[in-house]
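Here is a friendly note to read alongside the model. Please keep the picture open and look up each residue as you go.

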Amino acid sequence: MKDQSCGYCMKNELLDPFGIYICDLDVSVLVLFKEQSHPGRCIVAYKDHVGEMVDLTDQERNAFFADVNRAARARHTAFHPDKVNYGAYGDTGRHLHFHLVPKYKNGPKWGGVFQMNPEQVFLTPEEYEKVIATIRAHL
C-alpha cells in the first residue's frame, strides 16, 4: 500500500527537500539524507506505508531489519565510521523508517545525540552522486 502524499512511498518531489533516492532493497527503500554533517547518513524506509513496526508480521520485520543491516554494513565498508547510530522517528511522516547515522570520533557530536536536521553540510550534485555511487558499490 502506498500513500500518495508520502515521499518514501512515491520517491518524488516530496522526497526532494530532505533526501535522494538511492535504490530499492528487498523490502525497503534506501535514501541518502541530503544533510551530510555525518558523511554517509541515510534512511532505510519500509516499502509499504506502515507507521509502526508492530504493524509488520514477524517475517516482514525480520526482512526489514535485514535491509537495515545491509545498509549499515555498506556504511561501515564504504565510510569506515567508528559507530553507526540508528534513529527511528515518524511523529509527522508516519512512515516506518530508520536513520543510519555514521559517527566518527573526530566528527561532530561524538558521544552525544545527533541533531535531526542540523542544516550544516550540503553537497553539490556531483558530490551527492559520488556518495551514492560509493554506497551502491558496497551494497
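1. How many bridges join E1 and strand E2? The two pair over five bridges, in the antiparallel sense, with E2 covering residues 28–33. Two strands pair if DSSP finds at least two bridges between them. Helices (H or I, at least four residues) and strands (E, at least two) are DSSP runs, numbered from the N terminus. Within this pairing, Tyr21 stands opposite Val31 in E2.

2. A word on the source. This is a predicted model, in which local features need pLDDT of at least 70 and side-chain atom pairs count only at pLDDT 80 or more, while totals for chains, interfaces and linings use all residues. Residues are numbered from 1 along each chain as its sequence is written, and side-chain values use heavy atoms, with hydrogens and water left out.

3. Now the whole sheet. Its five strands run in the order E1-E2-E3-E5-E4, giving an open sheet with antiparallel pairing. Strand E1 (19–24) and strand E4 (83–88) are at the edges with a single partner strand each, so one side of each has no neighbour in the sheet. From one strand to the next, the twist averages 25°. Helix H3 (residues 125–137) packs on the sheet and touches E1 and E2, and its direction makes about 25° with that of E1. Contact means heavy atoms within 4.5 Å; axes are lines fitted to C-alpha atoms, for helices over the stretch in contact, and angles run from 0 to 180 degrees between N-to-C directions.

4. Next, the aromatic rings. The whole structure holds five aromatic pairs. Rings of Phe, Tyr and Trp (its six-membered ring) pair if their centres lie within 6.5 Å; planes under 30 degrees apart count as stacked, over 60 as edge-to-face and the rest as tilted. Tyr46 and Phe64 make an edge-to-face pair, at 5.8 Å centre to centre and 80° between the planes. Tyr46 belongs to strand E3 (residues 42–46) and Phe64 to helix H2 (residues 58–79), so this pair ties together parts 18 residues apart in sequence.

5. Phe64 has another partner. The rings of Phe64 and Phe98 are tilted, because their planes are at 50° with the centres 5.8 Å apart. This pair links helix H2 to strand E5 (residues 97–103), 34 residues apart. Relative accessible area is 5% for Tyr46, 0% for Phe64 and 10% for Phe98. Each of these is buried (under 20% relative accessible area; exposed is over 50%, partly exposed in between, with a 1.4 Å probe and protein chains only).

6. Finally, two loop residues. Lys11 has a positive phi of about 55° although it is not a glycine; its place is the loop between helix H1 (7–10) and E1. His80, in the loop between H2 and E4, also has a positive phi, near 50°. Lys11 is partly exposed at 34% relative accessible area, while His80 counts as exposed at 59%.
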